[in-house]
Amino acid sequence: MTMSEEYLDGRMASLLAEREKLEHELQVKGILPYQENQKRVTIAQINRAIRRIDLGNYGFCVEKDCHKEIPRNRLENVAHAERCVECQRALENKTRKSHAL
């Protein structure tokens, strides 16, 4: 399934609005360090998603051995999603295991 230009324009607008909101929130005094870090991580993910739109590979899993199409409903909920659900779960499980050690 290819993504229409109209759909990608909508995703781009959503990403830009979310980035602007997060950047504004970073300017607020009293933000906790972990909140600031999470906002910066999300901004970086948004910037990578914008880059993928520009390169024409937005909506495909970034994992080296996967590259499956990310379901549209996932992109609707998390416009900056970098991985398909399977790869995201695998990453989260790996992260959980490494933190448990």
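**Around Leu 22**

Guide: Leu 22 touches Lys 39, Thr 42, Ile 43 and Ile 46, leaving aside residues up to four places away in sequence. Contact means heavy atoms within 4.5 Å.

Visitor: What should I know about the model itself?

Guide: This is a predicted model: local features need pLDDT of at least 70, side-chain atom pairs count only at pLDDT 80 or more, and totals for chains, interfaces and linings use all residues. Residues are numbered from 1 along each chain as its sequence is written, and side-chain values use heavy atoms, with hydrogens and water left out.

Visitor: Is Leu 22 buried or exposed?

Guide: Leu 22 counts as buried because its relative accessibility is 6%. Buried means under 20% relative accessible area, exposed over 50%, partly exposed in between (1.4 Å probe, protein chains only).

Visitor: Which helix does Leu 22 lie in?

Guide: Helix H1, residues 5–26. Helices are DSSP runs (H or I, at least four residues), numbered from the N terminus.

Visitor: And which residues of H2 are buried?

Guide: Lys 39, Thr 42, Ile 43, Ile 46, Ala 49, Ile 50, Arg 52 and Ile 53. H1 is among what covers them.

Visitor: What follows H2?

Guide: Gly 56, with a positive phi near 85°.

Visitor: New topic. How many aromatic pairs are there?

Guide: The search of the whole structure finds 0 aromatic pairs. Rings of Phe, Tyr and Trp (its six-membered ring) pair if their centres lie within 6.5 Å.

Key: Helix = DSSP H or I, 4+ residues; strand = E, 2+ residues; numbered from the N terminus. Phe/Tyr/Trp six-rings, centres within 6.5 Å; stacked < 30°, edge-to-face > 60°.
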